[in-house]
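Visitor: I would like to learn how to read a model of this kind with care. Where should we begin?

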Amino acid sequence: MALPKLLLLLFVGGALSLTFFSGSAEAGEVGVCYGMMGDNLPQPPAVVQLLKQHGITMVRLYDADAGGLRALANTGIKVGVSLPNDNIPDAASSMSYAVRWVQSNVQAYPGTWIDSVAVGNEVFHQAPWLTHQLLPAMKNIQAALAGAGLGDAVKVVTPIALDALKVPSFPPSVGEFRDDIAWSVMRPMVDFLEQTGSYLTFNIYPYFAYKYDSHVDPDFAFFRPNNGQHDPGTGLTYFNLFDAMVDAVFHAVEKLGNSGEHTHGNGRTRRRVASLMRVPESGAPGGKGKTGVASNSKLDGSASTENAQAYNSNLIRKVLSGAGTPYNPDADISVYIFSLFNENLKPGDDDERNFGLFYPNGTQVYDVNFTRPGPGGPSWCVANAAVGDRRLQDALDYACGNGADCSGIQAGGWCFEPNTRVAHASYAFNDYYQRNGRSVQSCDFGGCGSVVYQQPSFGNCVLPQWRNGLKRLGGGPNTGPPYVHLAQG
């Protein structure tokens, strides 16, 4: 993982892989980046047990490590392998090399669920001299996979740093690829990805944007409540930097155009590959220790367990809820969190070595939940801030006018504070959702609501928990009689 020079990448501490589909959004998947640059890391079999213990179903490897691939066999865990930048010239110039690489690093592990090959990593940023060899290498690897009967099962991708855009983050509507790569590299690459049923992959790091730009609001970077930022080009309001970065890529792809475009629901042209995107890295460092601050941070506490936990927890919640982005509300997003372990041999400053979710001994740096509980478990409905205040207000009015008890968010009510659209809409959405049997449809609200599986709170307002037709009274989880009967209507 490298730092893009134009920072509006994603991050507080995770790597992600985003996959977008048109139509109704479905919940995505969350994986981790499994780096091995440490002299104190557990052996692959122990790592696999750790993955299973925490419900992690996808991993990204930065090479095709034999020990890791053997340990991941017959586990049901999806694995992405990588052809390093140093191997791109050989893969680009020699079809026989590409065939041998696929034989040794993919075919040799029939029991391992390898679903992608990443050709290079941030080539335009880390190894720009390889720019014009990248696509030929991708095509040769794809041809080798097809020759082995794996052309559909294993997708060829290449992770791209966000500085491939002229303006990497805000406002998203000005997103456009740099002139040196837009037409010579990106347009034919998008054509190739569309033809092979693959997807664009971009590393997104809001954390670094915050770290190096004093104008970036930390709440906007770390998925915390904020007043939002307006994109004058689309009229959309953004409430987190991650969504802004992803939508900047959407806009850039649309500006490439070609015969593969088709009309999106609102009249825009949207290429198929702009609805199939993966973010292979996103995250934030947790500092040197449980309360430490990584060196060279802009402010004390920017690289902290608190910020990392806020970013990654909210990002995972977003992905598992199926929430899209303001520009593409129906997008399905999957994400790889960077990274699995703190890696003490990674080059760079302390930030680079402290993105881990786990210490080398297997204990968590901070609590993060990767699992999506089954439909029988407790769940709540919250507002999706990404859709903007106007849509939230319409949905809030609908919920309160169709059976939700909204007295708690009236002036003087126990959940009136914080007096924000997102908090009030979440309260109303959740009440409506609980009264209607917690069906997924009752939390839709035209894309404004999302189901979550950890009890949400806004300031001192904890959204009520329901059990078998009983609702805990307002005022928080520890006040009043525990539950009262409410009419379900």
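**Confidence before detail**

Guide: In this predicted model, pLDDT stays under 50 over residues 287-301, a stretch for which the model has 44 contacts beyond four places in sequence. Residues 1-25 likewise have pLDDT under 50, and for them the model has 172 such contacts.

Visitor: How should such stretches be read, and what average pLDDT does the protein have?

Guide: Where pLDDT is low, the predicted coordinates should not be read in detail. The protein averages a pLDDT of 78, and 78% of the residues score at least 70.

Visitor: Turning to a helix, how many residues does α6 have, and how far does it reach?

Guide: An α-helix has 3.6 residues a turn, so residues three or four places apart point the same way. Helix α6, residues 131-147, has 17 residues and reaches 26 Å from its first C-alpha to its last, close to the 24 Å expected at 1.5 Å a residue. The buried residues of α6 include Leu 134, Ala 137, Met 138, Ile 141, Ala 144 and Leu 145, and the helix is followed by Gly 149, whose phi is positive, near 80 degrees.

Visitor: Is Tyr 97 buried or exposed, and which residues is Tyr 97 in contact with, leaving aside its neighbours within four places in sequence?

Guide: Tyr 97, which lies in helix α4 (residues 95-107), counts as buried because its relative accessible area is 16%, under the 20% cut-off. Leaving aside neighbours within four places in sequence, Tyr 97 is in contact with Asn 87, Asp 90 and Ala 91. The C-alpha atoms of Tyr 97 and Ala 144 are separated by 9.3 Å, although these residues are 47 residues apart along the chain.

How values were computed:
Residues numbered from 1 in each chain as written. Predicted model: local features only at pLDDT ≥ 70, side-chain atom pairs only at ≥ 80, totals over all residues. Heavy atoms only, no water. Helix = DSSP H or I, 4+ residues; strand = E, 2+ residues; numbered from the N terminus. Expected span 1.5 Å × (residues − 1). Buried < 20%, exposed > 50% of the residue type's maximum accessible area, 1.4 Å probe, protein only. Contact = heavy atoms within 4.5 Å. pLDDT = per-residue confidence, 0-100.
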